[in-house]
Amino acid sequence: MEIHELKESLYTGLYEKEIEDVYGETFDDVSIKNLFACVEGYIDTYTDSGIAEAGHISANDVHLFSAPGRVEICGNHTDHQHGKVIASAINIDMVAAAGANHEDVIRVYSLGNGMSEVNITNLEPAEEEKESTDAIIRGVAAALKSYGFNIGGFDAYVISEVPKGSGVSSSAAFEVLIGNIISGLFNDGQIDAVTIAKAGKVAENDYFGKPSGLMDQLACSVGGLIYLDLKDPLDPVVEKLDAEFESAGYTICVTNTGSSHEDLTDAYAQIPADMKAAAAFFGKEVLRDVSEEEIKNSFGAFMERVGERAAKRTIHFINEEERVENLKRCLIAMSEGRGDELYVKEGADAPSEDEEKLTNLQQALEIICESGDSSFRLLQNVCLPGKANESPLAEALDMSWELLQGRGAFRVHGGGFAGTILAIVPDDLLDDYKNVMDERFGKDACNVLDVRKKGGCMII
């Protein structure tokens, strides 16, 4: 659709249903405002600018795209070891107006970050592009082309509500956004969500230079609350879960502590490096291929060889795998209306006398807290490296413990070291929780979130 026609159609409400399909019935003013602003920005940048005056031909067919951020519920730092995760897309997204430009150049103007231009006649990784937007754009295009899909030059104007460096996956959302633009403009929208996620991981690992797993990209691309089993990263198991904390009287919150993990790639990279070193002790590539029994049978020699930190991170991984499976069973029970029933361990008839008798909902919240505690004590990704006494994350977790009064759940979120914490807050405590967190970490630091069921997509 021609850009001025698209603008007019938005203002007249012609595409309200398409927008509602992405954002749900309660889509808010921010979402609509950003779509309008993308169209206006595209017009100003690509049709009335120096680019147009210099002979650039703006696209006649422009579309709107969206990719959400994500939260990780359980499975902290397991994906890069081919582990298991439960994550969810959220109602904070990046949007873009984009159209093919009939050149071999991808231009992406991001509000607040400026213009990126990538010549796609060269799709090789460039050392000088590491940790840059250009690297992600080139990497996604290269991966999709290697998978046999069409690529081409395009112009895009991007606005993001996904905070950069805050732990809700701004980089993965951007990768998924670029993948969906290429799918929509050059492949009739036929590139599936998992393939787009894989392309994003290639861009993140091989071009941007961050050794992440596949969880971030899958959560942003697939949408909804999902269970992931990444034993085979080329063919991941992705299961949608219909459970809702909201219907049980709880709300998901992410608090941005104001500390960015954007410059902490080295600390982040040390976690998979330690885990791979631990796996190598047993002759394996990743910890997913190492059994708990193998570790128990040679723990002394293992600890001596790999060191205490790597050993603790290994224990975290082994236990986190079990936690994800237990949480999955709780969430399935909740989706089936059995949240108030007693939680029963797999293979057991009923809770034993010495086991705490918790409902499936209560056990789900307890598992999330256990995951966070393990990240703090064993994975050690809460405090900044070398700055144990300067940890906004630890402070936010302590505050959550005080505010939630033994109810709900809270944990470090995402890569860790800086950024955000996740909390699942009882609705009757929500206002107090948000007010206190905002007072300490800044206005709107605490984001009240909904699960977004739609992943990355072309809206119009």
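Which residues in H5 meet which residues in H6? The legends below start with that contact. This is a predicted model, in which local features need pLDDT of at least 70, side-chain atom pairs count only at pLDDT 80 or more, and totals for chains, interfaces and linings use all residues. Residues are numbered from 1 along each chain as its sequence is written, and side-chain values use heavy atoms, with hydrogens and water left out.

**View 1. The contact of H5 with H6.** Thr133, Ile136, Ile137, Val140, Ala141 and Leu144 in H5 meet Ser171, Phe174, Glu175, Ile178, Gly179 and Ile182 in H6, where contact means heavy atoms within 4.5 Å. These residues divide into eight nonpolar, three polar and one charged. Here Ala, Val, Leu, Ile, Met, Phe, Trp, Tyr, Cys and Pro count as nonpolar, Asp, Glu, Lys and Arg as charged, and the others, Gly among them, as polar. Helices (H or I, at least four residues) and strands (E, at least two) are DSSP runs, numbered from the N terminus.

**View 2. How H5 and H6 cross.** Two packed helices are described by the angle between their axes and the distance between the axes. For H5 (residues 133-146) and H6 (residues 170-186), the axes come within 10 Å and cross at roughly 45°. That makes H5 oblique to H6. Axes are lines fitted to C-alpha atoms, for helices over the stretch in contact, and angles run from 0 to 180 degrees between N-to-C directions. Angles under 35 degrees count as roughly parallel, over 145 as roughly antiparallel, 65 to 115 as roughly perpendicular and the rest as oblique. The crossing of H5 and H6 is right-handed, a term for the near helix being turned clockwise from the far one by less than a right angle.

View 3. Buried means under 20% relative accessible area, exposed over 50%, and partly exposed in between (1.4 Å probe, protein chains only). Two strands pair if DSSP finds at least two bridges between them. S1 (residues 62-74) runs antiparallel to S2, joined by 11 bridges; valine 71 has serine 88 in S2 as its bridge partner. Five bridges join S2 to S6 (residues 225-229), again antiparallel, and isoleucine 86 has tyrosine 227 in S6 as its bridge partner. With S5 (residues 154-160), S2 pairs in the antiparallel sense over seven bridges, and glycine 99 stands opposite aspartate 155 in S5.

**View 4. Two loop residues with positive phi.** Histidine 82, in the loop between S1 and S2, has a positive phi of about 65° although it is not a glycine. Its relative accessibility is 24%, so histidine 82 counts as partly exposed. Glutamine 405, in the loop between H14 (392-404) and S9 (409-412), has a positive phi near 55°. With a relative accessible area of 56%, glutamine 405 is exposed.

**View 5. H14 against H15.** The axes of H14 and H15 (residues 430-441) come within 11 Å and cross at roughly 155°. That makes H14 roughly antiparallel to H15, and their crossing is right-handed. The contact is made by Pro392, Glu395, Ala396, Met399, Ser400, Leu403 and Leu404 of H14 and Tyr433, Val436, Met437, Arg440 and Phe441 of H15. By class, the contact has nine nonpolar, one polar and two charged residues.
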